[in-house]
Amino acid sequence: KHIRSGAREIIKSYPWIEKISKLKDSSERSFSVKKEGGLWSIKLRPSFEYRIKKEDKNQIKENIKGIYRYLDNKNEVLYIGKGNIRERLSEQIRKDWNFHFIEYSPIEREEEQFEWENFWILKYKEEHNARLPYYNNNSGVGK
């Protein structure tokens, strides 16, 4: 049995794919195709596809784990992190942080959370003359 689907249909059906399709850098929208046995697969990077206002943080399900970032009202990234997204928002140290939006990508496996948190912190540093986001204290895993 063969299944066919157009790219537009797939992009509109999945918020995370739609978010990737709108990235400015074309290299971030490309991917490698790999054949494993009789199946073709691709690995797309998580791109903070969900976005909510800080005051709406209770809309995030309690058990959602992944990567996330906090942004100010000008959409400047202030922090990039990983873990249980809602629990991390409730930590005492963050209660006084001045941010307006939370963007996140659900990722269950902790190894993948480390991988993608590190990727996005390093990407931020590349784009900002080796500077970290305002609230980040380290440069990611092994850097």
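These entries record what I looked up in a predicted model.

**Basis.** I number residues from 1 along each chain as its sequence is written. Local features need pLDDT of at least 70 and side-chain atom pairs count only at pLDDT 80 or more, while totals for chains, interfaces and linings use all residues; side-chain values use heavy atoms, without hydrogens and water.

**Sheet.** I looked up the strands (DSSP runs of E, at least two residues; helices are runs of H or I, at least four; both numbered from the N terminus). Four strands form an open sheet in the order β3-β6-β4-β5, with antiparallel pairing (two strands pair if DSSP finds at least two bridges between them). β3 (50-53) and β5 (77-84) are the edges, because each has a single partner strand. Six bridges join β4 (residues 65-71) to β6 (residues 101-106), and Arg-69 has Glu-103 in β6 as its bridge partner.

**Aromatic pairs.** I found 12 aromatic pairs in the whole structure (ring centres of Phe, Tyr and Trp, its six-membered ring, within 6.5 Å; planes under 30 degrees apart are stacked, over 60 edge-to-face, the rest tilted). Trp-116 and Phe-119 form an edge-to-face pair, 5.5 Å centre to centre with 75° between the planes. These two residues are three apart in helix α4 (residues 110-127), so about one helical turn separates Trp-116 and Phe-119. Trp-116 is buried at 10% relative accessibility, whereas Phe-119 is partly exposed at 24% (buried is under 20% relative accessible area, exposed over 50%, partly exposed in between; 1.4 Å probe, protein chains only).

**Charge over ring.** I noted that the charged end of Arg-51 sits over the ring of Phe-101, 3.9 Å from its centre (NZ of Lys or CZ of Arg within 6 Å of the ring centre and within 35 degrees of the ring normal).
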